[in-house]
Amino acid sequence: GVVYLALFAVINLLVINGGFFFHGSLRPLGSYYFRSKLFREIQRVLPPKLPVPLPKDYVEGLDYVRFREQTALGFGNMYLLGEIHENKGFPGYFFYALLFKLPLPVIVLFLWALWEYLFGRRRKAFLRDEIFLLIPIAFWLIYFNYFNNSHIGIRYVLPTIPLIHIFCGSIFAKDFISKRRVWAGALLGVWLIASVLSYFPHYIPYFNEIVWDRKFAYRYLSDSNIDWGQGRYYARDYLKAHPDIIFEPPIHTKGKILVGVNALTGVWIFGAKSKREMADRYRWLREGHSPIGHVAYSYLLFDVP
């Protein structure tokens, strides 16, 4: 096991260094100027002459990413279940994101597979076969939920989803299959396909059936969970076809109003001077009115009397 671990580390170092042409690799740790608390603490504890076996730009990039994550520098507001935080995330954020964004058939299969391995016929094979899938999933979710401040979209835990799907596939292993399982898998597969295709061609704002009325998905999550700029062309065409619609008015306004989800929830408004201004600008709209329609799921239509 130690040999494989060492080989894994060496291969990773070679790949990373090769991608940067070994530029700045093996620089002494004391020659770096770090911004984040984590990297500064590492620099304080370890010998300053210790050579860092990674490219200079790679190390500084990791430090800057950590610094931005800690300080929320460059972030908008963070949002969950109608609550807004300016500079801190929400413990457990990604559990909610997976609950709403992961298709329900996948959640059912994952819980089914987990039950079988923990309490069913395959319990004895768990440590041998599938635990190597669950440990990375658990590590990733614990780290990003409780030790990372980037609570701005499910994309941060996307690496766990292929592992979740592989684990689900264990339900249909050769020594585990039956007609009943085949039929159950087929029904869940049809449900999965129908659920995902129902959002065609707007897949970024996908929510599962827990959020039955899609106009109200913004009450649960926002940011890149719904809008990452992909809907602006649809909004532009909609506004051209409906010149009476008012687009994102800066003040309380009556009439038919179209507002982007991120502006509505106070996550991000271009040109706003502060995070507080972003949080407050459309408070009157999101707390006092309900949408009557949407454009590409990422822009919401209101009729304010």
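A: Here is a walk through the salt bridges, pair by pair.

This is a predicted model, in which local features need pLDDT of at least 70, side-chain atom pairs count only at pLDDT 80 or more, and totals for chains, interfaces and linings use all residues. Residues are numbered from 1 along each chain as its sequence is written, and side-chain values use heavy atoms, with hydrogens and water left out.

Start with the idea. Side chains of opposite charge can pair when their charged atoms come close. Here a salt bridge means a side-chain nitrogen of Lys or Arg within 4 Å of a carboxyl oxygen of Asp or Glu. By this rule, the count is 11 salt bridges.

Take Arg-66 and Glu-69. They form a salt bridge, and their closest N and O atoms are 2.7 Å apart. Both residues belong to helix α3 (residues 56-71). Helices are DSSP runs of H or I with at least four residues, and they are numbered from the N terminus. Arg-66 and Glu-69 are three residues apart, so about one helical turn separates them. Arg-66 is buried, and Glu-69 is buried too. Buried means under 20% relative accessible area, exposed means over 50%, and partly exposed lies in between (1.4 Å probe, protein chains only).

Next come Arg-181 and Glu-116. This salt bridge has its closest N and O atoms 3.0 Å apart. The pair links distant parts of the chain, with its residues 65 apart. Arg-181 is in helix α9 (residues 179-197), while Glu-116 is in helix α5 (residues 104-119). Arg-181 and Glu-116 are both buried.

Now turn to Arg-281 and Glu-277. Their side chains meet in a salt bridge at 2.6 Å, N to O. Both lie in helix α12 (residues 275-281). Why is the spacing about one helical turn? Arg-281 and Glu-277 are separated by that much because they are four residues apart in the helix. How accessible are these two partners? Arg-281 has a relative accessible area of 22%, so Arg-281 is partly exposed. Glu-277 is partly exposed as well, with a value of 27%.

Notes
Helices (H or I, at least four residues) and strands (E, at least two) are DSSP runs, numbered from the N terminus.
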